[in-house]
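Student: I have a model open and want to go through its side chains. Can we start with the aromatic rings and then turn to the pocket?

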Amino acid sequence: MARTTILIDAERTQYPRRPQDAERITTRVDPAHGLTTATSRRAPGDRAGRMASLGHDATARLTHWIASYSVVLLRLSLGGVFLWFGLLKFFPTLSPAEALATRTLDTLTLGYLAPQLALRLLALWETAIGLGLLLGVCPCLTLALLFLHMGGTLTPLFLFPHDVFTHIPYAPTFEAQYILKNLVLISAGCVLGASRRGAHPGFHQGTRQQPNM
């Protein structure tokens, strides 16, 4: 019976889908013993493919981590800022916004509250917001206090425009810059409020819940 020799292309049979990752079979002759051995080496495109795959996997993991913990980090950082700045107002001359805050409170309360008492109440207000955010307790009340407070901090722009702008309205003073940064805090509060309503869970916990199918 005649024998038929079949040549098999190892590259095509082992890697039909990704020829760039195929192992190329080469032969090496041992001159001492006259033996022929088969060796394999990776195709040049294999390393680039692996690096691209690792980069994609790392990006996916980082994106998942950010999506899971970004709201919690925002809540903790915002709470830390409020608690820090609130505690400073309990000690005279430590807060750089003390003079402007005292003047604003005196105007808003029509002078019915003593400046020092009004400043202590403001310090207590900010401290309560900070603790509420850090501990994740009473989120609705905490966010309500935050938005009310932020609304009050913007009033000097309208009450004392000549004191907070060197050139109205495009050249704010240091105090006005201190006030305008509160727009970022308001936006952060909006994000926390949306997460509280379920748009992006994370006010209480650090992992994002999967939506019900």
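Student: How many aromatic pairs does a search of the whole structure find?
Tutor: This is a predicted model. Ring centres must lie within 6.5 Å to pair. Searched as a whole, the structure gives a count of three.

Student: Is the pair of W65 and Y69 stacked, edge-to-face or tilted?
Tutor: The ring centres are 5.4 Å apart. Planes under 30 degrees apart count as stacked, and over 60 as edge-to-face. Here the planes stand at 35 degrees, so the pair is tilted.

Student: Which helix holds W65 and Y69, and what separates them?
Tutor: Both residues belong to helix 2. They are four residues apart, which means a separation of about one helical turn.

Student: Are W65 and Y69 buried, exposed or partly exposed?
Tutor: Buried means under 20% relative accessible area, and exposed means over 50%. W65 has 44%, and Y69 has 32%. So W65 is partly exposed, and Y69 is also partly exposed.

Student: Is W84 buried or exposed? And what about F85?
Tutor: The relative accessibility of W84 is 57%, so W84 is exposed. F85 has 26%, so F85 is partly exposed.

Student: Which residues do ring pairs link into a cluster with W84?
Tutor: The cluster is joined by ring pairs. Besides W84, its members are F85 and Y178.

Student: How much space lies in the largest pocket, and which residues are closest to its centre?
Tutor: The largest pocket holds about 530 Å³. Its lining has 28 residues. Closest to the centre are L122, E126, H149, G152 and T153.

Student: Is N182 buried or exposed, and what does it touch?
Tutor: N182 sits in helix 9. Its relative accessible area is 3%, so N182 is buried. Leaving aside residues up to four places away in sequence, N182 touches M150 and T153.

Key
Residues are numbered from 1 along each chain as its sequence is written. This is a predicted model: local features need pLDDT of at least 70, side-chain atom pairs count only at pLDDT 80 or more; totals for chains, interfaces and linings use all residues. Side-chain values use heavy atoms; hydrogens and water are left out. On a 1 Å grid over the protein atoms alone, a cavity is a set of points where a 1.4 Å probe fits but cannot get out, and a pocket is an open set with protein on both sides within 12 Å along at least five of seven lines; lining residues have an atom within 4 Å of a point. Grid points are joined across faces, edges and corners, and a volume is the space filled by probe spheres set on the points. Rings of Phe, Tyr and Trp (its six-membered ring) pair if their centres lie within 6.5 Å; planes under 30 degrees apart count as stacked, over 60 as edge-to-face and the rest as tilted. Helices (H or I, at least four residues) and strands (E, at least two) are DSSP runs, numbered from the N terminus. Buried means under 20% relative accessible area, exposed over 50%, partly exposed in between (1.4 Å probe, protein chains only). Contact means heavy atoms within 4.5 Å.
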